[in-house]
Amino acid sequence: MVSSHPLLFDTLYFGGGTPSVLKPENIGRIIKTANGLFNISTDTEITIEVNPGTVTPEKLTEYKNIGINRISIGVQSFNDKILNFLGRIHSTNDAALTIRRARKAGFDNIGIDLIYGIPGQTKKTWLSDLRKVVEFEPEHLSCYMLTYEKGTPLNRERQQGKFKPVAGSLLAEFFETTMEYLTAHGYVQYEISNFAKNASKISRHNFKYWIFSPYLGFGPSAHSFIEPRRYWNCRSVKKYIENIKEGRLPIEKKEILSKKQRMMEMVYLGLRKTDGIDIDAINKNLGINFHQMFAEKIKQLEEDGYILRIQSGTHCALSRKGMLFLDSIAPMLMIENWG
Amino acid sequence: MGKLFRPRSQTTLEHIIFIMKNIRNFSIIAHIDHGKSTLSDRLIQATNVVSERIFQDQILDTMDIERERGITIKSQTVCLPYKAKNGQTYFLNLIDTPGHVDFTYEVSRALASCEGALLLIDASQGVEAQTMANLYLAMEHELEIIPVINKIDLPSADIERIKDQINDDLGLDPESAILTSAKEGIGVEDVLEGVVNKLPPPLGDPGAPLQALIFDSHYDSYRGTVIHVRIFQGKIKPGDVITFMSNSAVYKTEEVGIFQIEKVPKKEISAGQVGYIIAGIKTVSDTQCGDTITLKNRPCKTPMPGFKIEKPVVFSSIYPVASDGYEELALAMEKLKLNDASLIYEKDSSVALGFGFRCGFLGLLHLEVVQERLEREYDLSLILTAPSVRYKLVMQDGSSRIIDNPALYPDPAGIDKTLEPFIRASIIIPDRYMGTVMKLCLERRGINITYQYLTNNRMEMIFELPLAEVIYDFYDKLKSLTQGYGSFDYEIRDYRETDLAKLDILINSDRVDALSQLVHRDRAVERAKHACEKLKDEIPRQMFKIAIQGAIGGNIIARKTISALRKDVTAKCYGGDITRKRKLLEKQKKGKKRMKMVGKVMIPQSAFLSVLKTDND
Ligand SMILES: Nc1nc2c(ncn2[C@@H]2O[C@H](COP(=O)(O)OP(=O)(O)O)[C@@H](O)[C@H]2O)c(=O)[nH]1
């Protein structure tokens, strides 16, 4: 699967986990090796995720030297209480320091991740986070609503009633505040949780997930996608290494998406983006007539203010109000017609 | 008569009389769970009527399904050859009876086919309402009754107490009681000997014109309707042209025989015998339980007494959950009907639910059994509307109407008065529950309550109440209030004047026709509140506020609100999250098939069903 694809790659992403534990020279070797094996374009976006407090100025400079041109920093919050609640080991000072160092090291494409909807957080504290982050003028911002994933300690504590989750109405307010504040400060929202200084600074890499582009993932649990196939690697590091040593692909499972499944994903992922579903593209890809299939539903959703037809009707996107309800709206576009 | 049908050996009159002397026709009657099926299995096993292997494979299997359903509806009549201690061989016809109050008429026809009955009583539970009801039925048919005390193996068995009850409650001779443990096979031979020695043989004249009582029928996919009969007079053989005395329909007999788990064809069956007739009859609905069969050319003078055309008393509409499920449901109903003559139905339609069927049932249990069979055997998901009784309306203009469907309830301004069916109920309880049960009865508009002590701490309460109150969770309530000790039986009495109202449920101002109910005006507010609360619990929050209202005419009598969902969005969706999200969507899509739309509101199947349920508090 790997070598047989004459794909041109234009992003490389070191993330998921803590890639900064690797020595920069090793990351450099990976980049070199990848360049030798794959067809990788010269202006490739190369991102590394770092956690505040884990990188020295030297390390950042080395990153720069080996070709990394984008840094994504998991700041999460500028409030120490909240960082503590999230179980983060860094402090707000660490975060500020890391951002400044990255700038100093010459990075002109910095992304920052924040989380909101944390128990105890108020609209005021969240706004203060937004104010602080904007002062650093990052090129990219991801603002995620806190979610309770099954099986996580946080979820367990929630179920045990150890804290009171933020009410849905307040979360909705946070979401709206985020959109309003960041737009007012010159950011463009291009996906439910993602904002960029301008169109050239969107995360080229992440955007691929939502437009059905192919990607290859390396390392335990990493996912790869080449329409209509999706593969994922085994979770166990040990097994992963064994497989590689024995010359086998460490794939745990693959799925081949049916036309219906592709349609489902395209609609869902398309609606995550502010430029919405490209109707021509989905029609061509699947050989369907999107308008015909959903005319009635979409008309209704349009009337209710959840959906917009944009770019002279060639795209179908969620309104701001609609974005809050993506998970309710998407199933509405998956009925009868899909057998 | 063709050569083929000539008997190989001439049947002499003496031979027939000999046979009659050695026939016993009997039923086992019991309150549910007292062990009737288990004892029947034992009798079948003990007489080796089928090999052990077939027994395991067939009987236990079919019975398992019925056990799971908790009741026997289709009887399993069986002819047991038994060599008695006196050296003679007897043919013991065990005629099974349905085990529930809804089927009293079928039970009465089965009992009419017997000379005797075993009255089975659980050694730890004692006499229950159906024990009494069945005993009365058996006594009406002047049957010889042998009390059998079962489950004597249980540590909680109290044989002396049960004997007292047999004496005091039932007025039977406790010394004649046979002790059994059907589970452990104890006393089975005593039962067989008792049947031989204590029950009388059938009477009748094989030479007289045919008089055969239909006590059941079932559908066989190869042979059509198989009629279960008891021959009282005369005899019948293949080729005989027969007629049903209730409607004069004429058929030609194809096959006669007896049941020994499987059908065993015979050259003829005659007076005193229990067996089957196959006569090219397509569906069981063409035969009527209790009807008399005679010969067309040599009819008997009078039919067997007690025939009546059974009328359904509980009505409900059944809809498929799947929007395209009507055809499938129609097919399943047709097939069910082949075997269930008491089920009646006609096409119905609802704005909320599309096409379905309005059905009539013999009682609430019958309804539940039909629902369960449709769901299990035909793999359908269904929505049922609130069960209703049949009301008689006398209109202002003097005309009258019968209504069992809220959808057809006329403008109340045109109604002069409304009548509803009343029942006579009998409840047997330990006397410590008297207060609670009395309260329940009064709540349910019970009147003319009387009671009598059966033994020093058990009592029977008798009262009259509207059937409509019984079909609304009465039985469950009674069970929970009496911690399972209360037993219940009823019979329909008459129609009495009532104050009826049509309760509508509105969801965001849209009336949901499938949720309308006919209720007594005094109970309307309570029912409306209950419906609103249940719907509030079952309808998921949606992107907008949902108002649920209960109304009589333009009058809102109950109200609940489901607040709007404020957000429903997954914050992160990258490589590894996509498959998970899609799977969730696939699940939701499937679930959607079980949703109904009322205006913009999505209502799950469970919400429709929840309205019918009560809180068991
Ligand atoms: N301990 C004990 N249990 C029995 C006996 N006879 C039946 N049972 C159990 O009582 C329950 C009801 O029996 P079943 O024959 O289905 O009752 P039916 O409803 O009257 O047909 C079952 O769980 C049987 O296994 C018995 O003699 N002793």
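Predicted model: local features only at pLDDT ≥ 70, side-chain atom pairs only at ≥ 80, totals over all residues.
Now the layout of the chains. Chain A is divided into domain 1 (8-208), domain 2 (211-256) and domain 3 (259-333). Taken over C-alpha atoms, the centres of domain 2 and domain 3 of chain A are separated by 30 Å.

Chain B is divided into five pieces: domain 1 (13-198), domain 2 (211-295), domain 3 (314-384), domain 4 (406-498) and domain 5 (502-612). Here 51 Å separate the centres of domain 2 of chain B and domain 5 of chain B, again over C-alpha atoms.

Next, the interface. On the chain A side, 36 residues are in contact with 21 residues of chain B. Which elements of chain A give two or more residues to that side? The helices are H7 (168-184), H8 (204-210), H10 (259-272) and H14 (326-332). The strands are S5 (140-145), S8 (223-226) and S9 (229-233). By class, this side of chain A has 21 nonpolar residues, 10 polar and 5 charged.

The loop between S8 and S9 of chain A holds A:Pro228. A cis peptide bond joins A:Glu227 to A:Pro228, with omega at about 5°.

Chain B has a backbone detail too. B:Arg445 has a positive phi, near 65°, and is a residue other than glycine. Where is B:Arg445 found? In the loop between helix H10 (434-443) and strand S24 (447-455) of chain B. As background, most residues other than glycine have a negative phi, and most peptide bonds are trans.

Last, a helix pair in chain B. Helix H4 (residues 104-112) and helix H5 (residues 129-140) of chain B pack with their axes 9 Å apart, at an angle of about 45°. H4(B) and H5(B) are therefore oblique to each other. Their crossing is right-handed. From H4(B) come B:Val107, B:Ser108 and B:Leu111. They meet B:Asn134, B:Leu137 and B:Ala138 in H5(B). By class, that contact has 4 nonpolar residues, 2 polar and no charged ones.

That is my tour. Over to you.

Terms used
Residues numbered from 1 in each chain as written. Chains lettered and ligands numbered in written order. Contact = placed C-beta atoms within 7 Å. Helix = DSSP H or I, 4+ residues; strand = E, 2+ residues; numbered from the N terminus. Nonpolar A, V, L, I, M, F, W, Y, C, P; charged D, E, K, R; others polar. Domains from an automatic or database assignment. Axes fitted to C-alpha atoms, helices over the stretch in contact; angles between N-to-C directions. Parallel < 35°, antiparallel > 145°, perpendicular 65-115°, else oblique. Left-handed = near helix turned anticlockwise from the far one by under 90°.
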